[in-house]
Amino acid sequence: MRQLLLVLLSLLAPVSVRAGEVERLYVLDCGLAHAEDQSLWSPGVNVDVPIDFSDNCYLIRHSSEGYLLWDTGITDRLAALPQGQPVPPLKQIWYRSQPLIATLATIGVKPGDIRYVAISHTHPDHIGNVDAFPDATLIMQRREWEAANASPQKPFSAEHKTELLDGDKDLFGDGSLTILSTPGHTMGHQSLLVHLKKSGFVLLTGDAAHFQANWDNRRVPRFNADRDKSIASMEKLAHIAEERHAQIWINHDKPSSDARRHAPEFYE
Ligand SMILES: [Zn+2]
């Protein structure tokens, strides 16, 4: 009887569970932006008040799947321009202190070591260096991919191997990395929930909110693709963060970025 029960239980078990975990999460400096008018992101609030934005990438080492890079930041070309590059429509100047490839080298990682590049969305401060990883599989929402390829200015080569998602996904089937569909800023925007053994859950929210006050007050930039979806996505993330006791890491919020450990240090 007991043996029969064991056989039945083994039949019920999933066929292949790739039991893995996130071993390390590195925060990489992927650029900086100085903006003259904060209210472009918070309509009617802090008009003509300047603000600095951090721009981070996140390198994740998974025990069985290897390295996944979340976002690639501002193009490495700007590392050669210490005075930065103006971005007139946003009244911004963008800077990059060091190329991403050089930052990766400081922790002994080569572009060929990166197996997956997952991007929150296709704005240039997030996809500036996607083409530096030609062998990686690009993970993004199908909707974002289709919009990017429909535009006359392609954000990156169309030759990348891709894994196109239609919503949320437990990426490696072990609960360590979960992509969350969070449309609004762009129609195929996504976020990433990371599970770390010691630090617990960390929610990388992409540009679901640009800085802390916008998150706290559910403020939506005027240029977002869809205001209602932007608010619904913030609510979705807040709900998941509460459920998992997750830290919310708002990528462009410079004060919280400054307080975080950057590579070569890491979180585990
Ligand atoms: Zn951004």
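This is a predicted model: local features need pLDDT of at least 70, side-chain atom pairs count only at pLDDT 80 or more; totals for chains, interfaces and linings use all residues.
How are the donor residues of the zinc ion spaced in sequence? The pattern reads D-H-x80-D-x44-H.

1. Zinc donors. The protein atoms holding the zinc ion come from Asp125 (OD), His126 (NE2), Asp207 (OD) and His252 (NE2). Their distances to the metal run from 2.1 to 2.2 Å.

2. Site geometry. I'd call this one irregular: the angles among the 4 donor atoms span 90 to 163°. Four donors would need every angle between 85 and 135 degrees to pass as tetrahedral, so the 163° end of the range rules that label out.

3. Asp207 and His252 tie together distant parts of the chain, 45 residues apart. Asp207 belongs to the loop between β12 (200-204) and α5 (212-217), while His252 is in the loop between β13 (247-249) and α7 (254-258).

4. Burial of that pair. Asp207 counts as buried because its relative accessibility is 2%. His252 comes out at 4%, so it counts as buried too.

5. The disulfide. The count here is 1 disulfide, formed by Cys30 and Cys57 with their sulfur atoms 1.9 Å apart. The torsion about the S-S bond of Cys30 and Cys57 is about -115°, so the disulfide is left-handed.

6. Cys30 lies in strand β1 (residues 22-35) and Cys57 in strand β2 (residues 51-62). The two cysteines are 27 residues apart and link distant parts of the chain. Both Cys30 and Cys57 are buried.

Notes: Residues are numbered from 1 along each chain as its sequence is written. Side-chain values use heavy atoms; hydrogens and water are left out. Donors are N, O and S atoms within 2.8 Å of the metal (3.2 Å for Na, K and Ca); water is not among the atoms, so sites may look incomplete. Four donors count as tetrahedral if all angles lie between 85 and 135 degrees; four count as square planar and six as octahedral if opposite donors are over 155 degrees apart and all others between 65 and 115; anything else is irregular. Helices (H or I, at least four residues) and strands (E, at least two) are DSSP runs, numbered from the N terminus. Buried means under 20% relative accessible area, exposed over 50%, partly exposed in between (1.4 Å probe, protein chains only). A disulfide is a pair of cysteine sulfur atoms within 2.5 Å.
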